[in-house]
Amino acid sequence: MISKILDSAAEAVADIPDGATVMIGGFGPAGQPIELIDALLAQGARDLVIVNNNAGNGTTGLAALLGAGRVRKIVCSFPRQVDSQIFDGLYRSGKLELELVPQGNLAERIRAAGAGIGAFFTPTGYGTPLAEGRETREIDGRGYVLEYPLHADYALIKADRGDRWGNLVYRKTARNFGPIMASAARVAVAQVREVVELGTLDPEAVATQGIFVQRVVAIAPAPAKEAA
Amino acid sequence: MSTRLNRDQMAARVAQDIKEGDVVNLGIGLPTLVANHLPAGREIILHTENGMLGMGPAPEKGQEDYDMINAGKQPVTELPGAAYFHHADSFGMMRGGHLDICVLGAFQVSKTGDLANWHTGAPDAIPAVGGAMDLAIGAKQVFVMMDLLTREGASKLVEQCTYPLTGVACVSRVYTDVAVFDIAAKGVTVTEMFGDMTRAELERITGLPLQFAA
């Protein structure tokens, strides 16, 4: 019987080695797999390359991982926020490498990795400092920049419900990077609010198909609290 | 004599130009105000980059759902007809030319429609780009909403941007507190003026050859 269900977040991230590239889902707080990040922090892997849209909020989750000095490099589109003080300090002191990517190029590079695309030309960023040094091409009179796929060893994502085959459904805008990150990682780990029996999820509504997911962990939602 | 527009009046002026049926993305910051002024009776669909079409206004206090947020990470609501999607699809909607209008703030716009709105270029500034570059080149029409002058009194509509670019020749219209400017191949045309600035003063302050719509 196929079962991708694991008992704990700790078990789900136990084999992430030093130096791994880890995609972390979420757009700000929505879809951020806090408990998986906490487990990764407790597990102790170092020298990580993290791919996330942001660079942590406040002092928990991704910000805590950065603050503990576990991250060598972050690939993101929008690190600067009102409560990104941990990133800000590390970046200014040169302790953290930043690869800044326009958000749509970040998403498409992740999608391309999952879809087996070798590279693609995008109009986003053409003529800007973020395209400096990159190959460009004019196609039908418009300028494009060559971008390469972004692969990962692991993806840590959050969904609403999942089954033992790894099929996932999300909640509202918490879907964000989940489906594409799952596809781009060798091992995709999904924390879900609820594991349901196989056959419970409406096949028409499955947003991430189990083929993209290797591990599923049920994490009961924390008592409601306001995001920063 | 008319007066210069305040921020809400600028937002209302932008909103007037959003037509029935338009799919619109409002950038974070000043453009968010446009949502409060969309003309009643027009069916307009708001897109948010983090994965939603049919975005509604902020929820009542106590009804916030932090799985339902906008690009500024503020809680929003869903309207009947709303749809959710992942980030690659969301940015495909932009890049693929499916959005009718996006409204963005700016540090500078050049006379040929170059946009600078993501980075001041200051050495100690932390760069953050988000979806600005995708919106700038993706939407069918890019509206910029900004005060015409910096705090130091310099025009933000310029011959050539000195801040790092967000996109090249992508802005179609600039709404300011002083005037509305159309940007096209034939040059910059002033379509409306607010306040008591004369045409000559506007040309002097911007340093640009301006055309004036009748």
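**View 1. B:Leu5 sits in the segment before α1 (7-16) of chain B.** This is a predicted model, where local features need pLDDT of at least 70, side-chain atom pairs count only at pLDDT 80 or more, and totals for chains, interfaces and linings use all residues. Residues are numbered from 1 along each chain as its sequence is written, while chains are lettered from A and ligands numbered from 1 in the order in which they are written. Is B:Leu5 buried or exposed? B:Leu5 has 21 C-beta neighbours inside 10 Å, so it counts as buried. (Buried takes 20 or more other C-beta atoms within 10 Å of a residue's own, exposed means 12 or fewer, and partly exposed is in between; C-beta atoms are placed from the backbone.) Which residues does B:Leu5 touch, if we skip those up to four places away in sequence? They are B:Met10, B:Arg13, B:Asp177 and B:Phe194. (Touching, or being in contact, means that the C-beta atoms, placed from the backbone, lie within 7 Å.) Take B:Asp177: it is 172 residues from B:Leu5 along the chain, yet their C-alpha atoms are separated by 4.5 Å.

**View 2. Ten strands of chain B line up in an open sheet.** Read across, the order is β4-β3-β2-β1-β5-β8-β10-β11-β12-β13, and the pairing is mixed. (Helices, H or I with at least four residues, and strands, E with at least two, are DSSP runs numbered from the N terminus; two strands pair if DSSP finds at least two bridges between them.) At the edges you'll find β4 (77-84) and β13 (210-212) of chain B, each pairing on one side only. On average, and ignoring direction, neighbouring strands here are turned by 30° against each other. (Those angles, on a scale from 0 to 180 degrees between N-to-C directions, come from axes that are lines fitted to C-alpha atoms, for helices over the stretch in contact.)

**View 3. Two hairpins follow along this part of chain B.** Strand β10 (residues 173-175) and strand β11 (residues 179-184) of chain B run antiparallel and are joined by 3 bridges, with 3 residues between them in the hairpin.

View 4. Strand β6 (residues 108-110) of chain B pairs with β9(B) in the parallel sense over 2 bridges, and B:Val109 stands opposite B:Leu157.

**View 5. In chain A, β2(A), helix α2 (residues 34-43) and β3(A) build a right-handed β-α-β unit.** (Right-handed means that, with the strands pointing away from the viewer, the path from the first strand over the helix to the second runs clockwise.) Strand β2 (residues 21-24) pairs in the parallel sense with strand β3 (residues 48-51) of chain A over 3 bridges, including the one between A:Thr21 and A:Val49. β2(A) also pairs with β9(A), in the parallel sense over 3 bridges, where A:Ile24 stands opposite A:Leu156. Which residues of α2(A) are buried? They are A:Ile34, A:Glu35, A:Leu36, A:Ile37, A:Ala39 and A:Leu40, and what covers them includes α1 (9-13) and α3 (62-67) of chain A. Just past the helix, A:Gly44 takes a positive phi of about 100°.

**View 6. A:Ala155 and B:Val144 touch the most other members of the largest nonpolar core, which has 133 residues.** (A nonpolar core is a set of buried Ala, Val, Leu, Ile, Met, Phe, Trp, Tyr and Cys residues joined through C-beta atoms within 7 Å.) Strand β9 (residues 152-162) of chain A gives the most to this core, with 6 residues. Leaving out residues up to four places away in sequence, A:Ala155 touches A:Met23, A:Met181, A:Ala182, A:Ala184, A:Ala185, A:Ala188 and A:Val189.

Definitions and conventions:
Contact = placed C-beta atoms within 7 Å.
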